[in-house]
Amino acid sequence: MQQEPAWLLVNLNLSVQRLQQLISIPSYSKEEYDAATCFENWMTEDNIVYQRAGNNVWAYNKYFDECKPTILLNSHLDTVKPNKCYTRNPFDATIANEKLFGLGSTDAGGALMCLYHTFKQFYLTKNLTHNLIFAATAEEEISGKHGIESIIPLLPKLDLAIVGEPTEMHLAIAEKGLLVLDCVSEGIAGHAARDEGENAIYKALADIEWFKNYRFPKVSKILGEVKMNVTMIQAGAQHNVIPAECTFTVDVRCTDAYSHQEILDIIQQQVSCKVTPRSTRIKPSGIDNNHPIVLAAQALGRNLYGSPTTSDQALIPYPSVKIGPGNSARSHQADEFIYLYEIKEGLLIYHQLLSKLLT
């Protein structure tokens with residue numbers, strides 16, 4: 001059996017210890033201050049020069065050269081709030097049966113630790129073909145404006161972004177975008193007993209049926225179909241009044257086959273309700289199949305796929321991929337955990353991928 005390199009064991013121990021420390025610090029979206037400060041302390045301990053803005057912390061490799069292309073290594077500090085089904089303390093980062101338990105262990109603490117310690121491994125290396133930037137950022141879980149989007153203008157032009165999320169170390173070469181639509185169906189109020197007015201709920205039902213059944217003609221080769229789901233609905237104030245208004249929300253997962261505006265145009269032509277997009281910031285993202293990182297991943301036996309979920313990729317206006325340790329199905333679940341072997345695998349594959357690109 002081939003002996004594991006010493007750097008891998010050192011970084012594995014550090015990654016596990018520090019991930020335990022990070023899990024113990026509550027870091028809900030917009031509340032990442034203490035977690036960011038923890039990263040500052042680690043960078044100081046590791047003699048890495050860093051910068052901070054808000055709850056975002058980042059660093060450049062020591063021999064950064066403006067004439068070279070630049071790769072960003074990014075993952076997020078924030079977590080969702082624990083759900084009511086937890087049987088463990090979500091901030092008690094215990095290890096049992098080779099699993100590290102705790103809120104944010106898989107999403108995305110494992111990737112964050114692995115990316116950071118991979119960056120540290122290359123930090124002092126001279127004559128790299130690319131620059132490296134590591135960024136631990138805020139508000140990913142809510143696609144907030146004070147996360148990665150806020151520091152992109154402070155960074156140099158990026159040639160590639162590697163976003164750390166749980167993908168079982170397979171490579172997401174494309175990611176769906178998101179449109180959230182607020183819809184309003186308007187009727188006329190009246191007395192229910194006299195069958196007066198025009199029921200806004202019934203008008204909404206016709207449009208909801210359209211959202212349920214419509215299929216966009218163009219299908220992305222990587223991301224498949226545009227998907228639409230009605231996820232919220234509100235109407236009525238009392239039982240004996242015909243409602244004059246019914247509001248509902250539609251979650252639209254977009255692909256590279258349509259622009260956000262094209263999707264909106266099609267929807268507005270087909271439904272009678274008023275449709276207002278909350279935001280058009282979360283766009284589909286991806287990378288060319290022949291990009292060096294895609295070829296490097298394939299050479300390492302990694303699968304390529306299109307991701308149905310969104311991440312900070314959507315807010316990075318440069319070529320990007322998503323890859324990280326852990327299984328995405330564990331994200332946001334009760335008693336979240338990551339296997340220790342997944343952290344080791346993350347460190348090894350990140351190092352192998354970057355070695356192919358940097359040296």
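Two residues are in contact when heavy atoms lie within 4.5 Å. On that basis, 80% of the protein's contacts between residues at least 6 apart in sequence join residues at least 24 apart. The model is a predicted one, in which local features need pLDDT of at least 70, side-chain atom pairs count only at pLDDT 80 or more, and totals for chains, interfaces and linings use all residues. Residues are numbered from 1 along each chain as its sequence is written, and side-chain values use heavy atoms, with hydrogens and water left out.

**Whole chain.** Along the principal axes, the C-alpha atoms fill a box of roughly 80 × 45 × 40 Å. Colour by secondary structure: the protein has eight helices and 18 strands, taken as DSSP runs (helices H or I, at least four residues; strands E, at least two) and numbered from the N terminus. Of the 359 residues, 51% count as buried, that is, under 20% relative accessible area with a 1.4 Å probe, protein chains only.

**Leu158.** Select Leu158, in the loop between helix 4 (148–151) and strand 7 (160–163). Leu158 is buried, at 2% relative accessible area. Beyond its neighbours within four places in sequence, Leu158 is in contact with Thr70, Leu72, Ile133, Ile152, Ile316 and Tyr318. Draw a distance to Ala138, 20 residues away along the chain: the two C-alpha atoms are 19 Å apart.

Glu139 is not a glycine, yet its phi is positive, about 60°. Its relative accessible area is 5%, so Glu139 is buried. Ser143 is in the loop between strand 6 and helix 4, and its phi is also positive, near 50°. Ser143 counts as buried at 19% relative accessibility.

**Asp107 and Ala108.** Select this pair to see a cis peptide bond, with omega about -5°. Ala108 belongs to helix 3 (residues 105–122).

**Aromatic rings.** Show Phe39, Trp42, Tyr116, Phe119, Tyr123 and Phe134, which form one aromatic cluster. Rings of Phe, Tyr and Trp (its six-membered ring) pair if their centres lie within 6.5 Å. The whole structure holds 16 aromatic pairs.

**Charges over rings.** Finish with two lysines. The charged end of Lys99 sits over the ring of Phe337, 4.5 Å from its centre; this requires NZ of Lys or CZ of Arg within 6 Å of the ring centre and within 35 degrees of the ring normal. Lys218 has its charged end over the ring of Tyr258, 4.6 Å from the ring centre.

Conventions: Buried means under 20% relative accessible area, exposed over 50%, partly exposed in between (1.4 Å probe, protein chains only). Rings of Phe, Tyr and Trp (its six-membered ring) pair if their centres lie within 6.5 Å; planes under 30 degrees apart count as stacked, over 60 as edge-to-face and the rest as tilted.
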